[in-house]
Amino acid sequence: MTLNTRLAMPSIAVICLCWCAISVAEPASSSTQSVAREPDDKVLLWGDTHLHTSNSFDAFLNGNLSADPNTAYNYAKGLPVIHPYNRTRVQIQTPLDFLVVSDHAEFFGGIKDIYTKGIQDPDPNVFERAAYWYQENQIRDAIDTETGPSFFSGLLPLWQDPIEAAKVWRAANQAVPGAKVSAQNAWIRMLDTATKHNKPGEFSTIIGWEWSSIPGGANLHRVVVTDATPDQARDFLPFASTDSPYPDDLWRWMEETGERIGANFLAIPHNPNISRGLMFGETTLRGEPMDLAYAQLSRKYEPVAEVTQYKGDSETHPSVSPDDDFADFETYPWYIQRDRSTQYMPATGDFARSGLKNGLSLQARLGLNPYQFGMIGSTDSHTGLAAAEEPNFWGKMAFDSIPERKQGAALAVGPTGWSMQAGGLAAVWAEENTPRAILEAFSRREVYATTGPRIRLSFYAGTPEKNTPMGGTISEPASFTVVAQKDPKSANLDRIQVVKGWIDEQGDTHEKIYNIAWAGKRELTNGKLPPIGSTVNEATGAWDNSIGAPELQANWTDPDFKASENAFYYVRVLEIPTPRHALLDAIAMGLEEPTEGPKIIQERAYSSPIWYQSGI
């Protein structure tokens, strides 16, 4: 059996009578009196919960031979580090407050071990030794000749029905020789490194990994995070999709392990945009209608979802939100599979907004909402570098750090480096900068997502004295307050929007977008607001803040509120247009424009929702 065969597993690879809009004229004063309060006794922390190092098999195969967890923590903390492929000195513009090193649980540290030490089988027989020698040299040759992406392509799943693929997952994914030894050694090294870098109150190293279930090309990956200390985490190995491809099995493992070691676990769904409708759908991966027990586990262990990252934006899509002028943003029409010829078919279960609406429908049937989740962003970087800054983007894979290579395939066949965005970040309103406090904020859903910029966002229902922050639930009509402030190193703000979803008395779900605050002397026409314009010079990449506002704020009540209709509300904040990394690369290369991907990006932030529930 060749290594290709033995490794062939799916990708490891309120709300009252009127509404009030406050528009800020150009130029706006940054000293505008704020109508909001900051969350009591909380600090705003910025982090990345989805970062891969050389311990991930696909990162190593794609040029990241040296950026290990130590490199990842140093980069996130603002120290200069060496890029793992182009070997230049790189540095984040604004350091992070926390980081989750989330390497794939599947074959954790294994490719690195094969390349540097050989297959870690403690007692092979003579025939296995010969087979291992051949397999080791096959891997080393792929890496040394930079043909790892082609090798990686052979490990991707074939297109097939996800439910049927999941049934045979375990049989098709027997352990690779030496995988457990490699994983144990790499896990302990990572924990030791996390211990060294964790500084309570200054920088948090949150323990985590990625569970990479992808049956039939349906991306059901979760990043698992825990407030376990490194010492507690030595008592387990990461649960992998090779243990089970089913999310409910992962949740039960988290529950049992948490009780055993005295720690808390959460799972963060990511890239629902390529889940083939299963991430936020109404049936399970076992092909069964969701029942109450499943919904309870989902609600408990998945309080937040990653809605924006390198592989596209998962807030919504033009096909599911046709009336949203900003739905066509960083769409990503490629499944993670061996055959890229399959046409992308977006479904309601693939996006956060339609998933939140599905949650309302399931609540009406089950009595509990399984998709009452908050929103965060993170990078999914495989370079060891949490690079979410558009002009300082180092690619998803290490090979993509060179502009010429961004024109080629970034993930086997399909997307290129230019087709991806430099995003995103997780913003957390926490009581302090510690792993436990950050996970508590996740559990409260007092978090929000940005596509990269550090937009400061406060959103709550009620009054400053008596309020419900983002992530909470209200049962009576209330006013909402929003304050958004620009990233000091990024662009001014264009507008604030409230996105509402609700379920009517007939059981049908709906959505509507309200523009509630904006910069400049624009006026609404049938609820629509004209574009703010753009200062981007596409020939030079230059832009300025002569339009937009440094701060926008509003008090708003829902003019369409009905007490009998359960609903959710979240805020979307848009920056003015700025140049995208693909345009900057093209200019540097002397091209008229990038061969793929937009030239301009309108960065944004998404708050976690506030839910209205009648009768509680």
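1. **Ground rules.** This is a predicted model, where local features need pLDDT of at least 70, side-chain atom pairs count only at pLDDT 80 or more, and totals for chains, interfaces and linings use all residues. Residues are numbered from 1 along each chain as its sequence is written, and side-chain values use heavy atoms, with hydrogens and water left out.

2. **Overall form.** The chain has 15 helices and 24 strands. These are DSSP runs numbered from the N terminus: helices are H or I, at least four residues, and strands are E, at least two. The C-alpha trace spans about 80 × 55 × 45 Å along its principal axes. A compact globule of 616 residues would have a radius of gyration near 25 Å; the chain has 23 Å, which agrees. That radius is taken over C-alpha atoms, and the globule rule is 2.2 Å times the number of residues to the power 0.38.

3. **Cover.** Of the 616 residues, 62% are buried. Buried means under 20% relative accessible area, exposed means over 50%, and partly exposed lies in between (1.4 Å probe, protein chains only).

4. **Strand β6.** This strand covers residues 222-226, and five of its five residues are buried. R222, V224 and T226 point one way, while V223 and V225 point the other way. In a regular strand the side chains alternate between the two faces of the sheet.

5. **Neighbours of β6.** Two strands pair if DSSP finds at least two bridges between them. Strand β5 (residues 204-211) runs antiparallel to β6, joined by five bridges. Here W211 has R222 as its bridge partner. Strand β7 (residues 265-269) also pairs with β6 in the antiparallel sense, over five bridges. In that pairing, F265 of β7 stands opposite T226.

6. **H317.** Where is H317 found? It sits in the loop between β9 (312-313) and α13 (352-366). H317 counts as buried because its relative accessibility is 14%. Leaving aside residues up to four places away in sequence, H317 touches A327, T331, Y344, P346 and F351. Contact means heavy atoms within 4.5 Å.

7. **Helix α15.** Which residues of this helix (residues 581-588) are buried? They are H581, A582, L583, D585 and A586. Their cover includes β21 (578-579) and β22 (600-601). After α15 comes G590, with a positive phi near 80°.
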